[in-house]
Amino acid sequence: VQAARAGEERGALLALTQPGQVSGPFRWARGGFTVFHLLERLPARPMTFEEAKGYAEQDALTLGQEARLKKLLEEFRAKYKVKVDESLLEKLPDPAPAPAPAGPRS
């Protein structure tokens, strides 16, 4: 359901083609509403190094954290006996969606 909502919002955002257009309101699963207002359209262009730098730094941090977590989990699996109760896992609610990335850092 959450992916479908994200698809609806993305579709509404992409449907805005002229500056000044406003989308209909979309209700967030966790409460509140979103309305998109297209202020201006800029021509497509490659990012500058400075614009891309923040994204690259965040990707590198994420990859490093994932590698450390994977190594730690492997160590724990080798050291400790873990039994997972799959029936309880199936009863857990879906996690809330992760917040959108903040964009490049300066």
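This passage describes the fold, the confidence, the packing and the surface of one predicted chain.

The model is predicted, and local features need pLDDT of at least 70, side-chain atom pairs count only at pLDDT 80 or more, and totals for chains, interfaces and linings use all residues. Residues are numbered from 1 along each chain as its sequence is written, and side-chain values use heavy atoms, with hydrogens and water left out.

The chain has three helices and two strands. Helices (H or I, at least four residues) and strands (E, at least two) are DSSP runs, numbered from the N terminus. Along the sequence, their pattern is α-β-β-α-α. Confidence is expressed as pLDDT, the predictor's confidence in each residue, from 0 to 100. The chain averages a pLDDT of 82. A score of at least 70 is reached by 82% of the residues. Helix α2 has the highest confidence, at a mean of 92. Helix α1 (residues 2–15) has the lowest, at a mean of 67. Where pLDDT is low, the predicted coordinates should not be read in detail.

Burial was classed by relative accessible area: buried means under 20%, exposed over 50%, and partly exposed in between (1.4 Å probe, protein chains only). Of the 106 residues of the chain, 8% count as buried. The largest nonpolar core has five residues: A12, L16, F26, F36 and L38. Such a core is a set of buried Ala, Val, Leu, Ile, Met, Phe, Trp, Tyr and Cys residues joined through side-chain atoms within 4.5 Å.

Contacts (heavy atoms within 4.5 Å) were then examined. Among contacts between residues at least 6 apart in sequence, 24% join residues at least 24 apart. L16 touches Q21, V22, S23, F36, H37, L38 and R41, residues up to four places away in sequence not being counted. Two of these partners, F36 and L38, are listed with L16 in the largest nonpolar core.

P19 lies in the loop between α1 and β1 (26–27). P19 counts as partly exposed because its relative accessibility is 47%. Apart from neighbours within four places in sequence, P19 is in contact with L38, L39, E40 and R41. P19 and R41 are 22 residues apart along the chain, and their C-alpha atoms are separated by 6.7 Å. T34 belongs to strand β2 (residues 33–34). T34 has a relative accessible area of 13%, so T34 is buried. With neighbours within four places again set aside, T34 contacts G24, P25, F26 and W28.

The accessible surface of the chain comes to about 9,700 Å². Carbon and sulfur atoms hold 61% of that surface. Areas come from the Shrake-Rupley method with a 1.4 Å probe; for residues, only the protein chains shown count as cover. A nonpolar surface patch of about 840 Å² is made by L69, L72, L73, F76, Y80, V82, V84, L89 and L92. Patches are made of residues with over 30% relative accessible area and no salt bridge: like charges are joined within 9 Å, nonpolar side chains (Val, Leu, Ile, Met, Phe, Trp, Tyr) within 5 Å. Helix α2 (residues 49–79) gives the most to this patch, with four residues. L69 is placed in helix α2 and is partly exposed, at 47% relative accessibility.

One salt bridge was counted. The criterion is a side-chain nitrogen of Lys or Arg within 4 Å of a carboxyl oxygen of Asp or Glu. R45 pairs with E51 in a salt bridge, and the closest N and O atoms are 2.6 Å apart. R45 is exposed, at 54% relative accessibility. E51 is partly exposed, with a relative accessible area of 27%.
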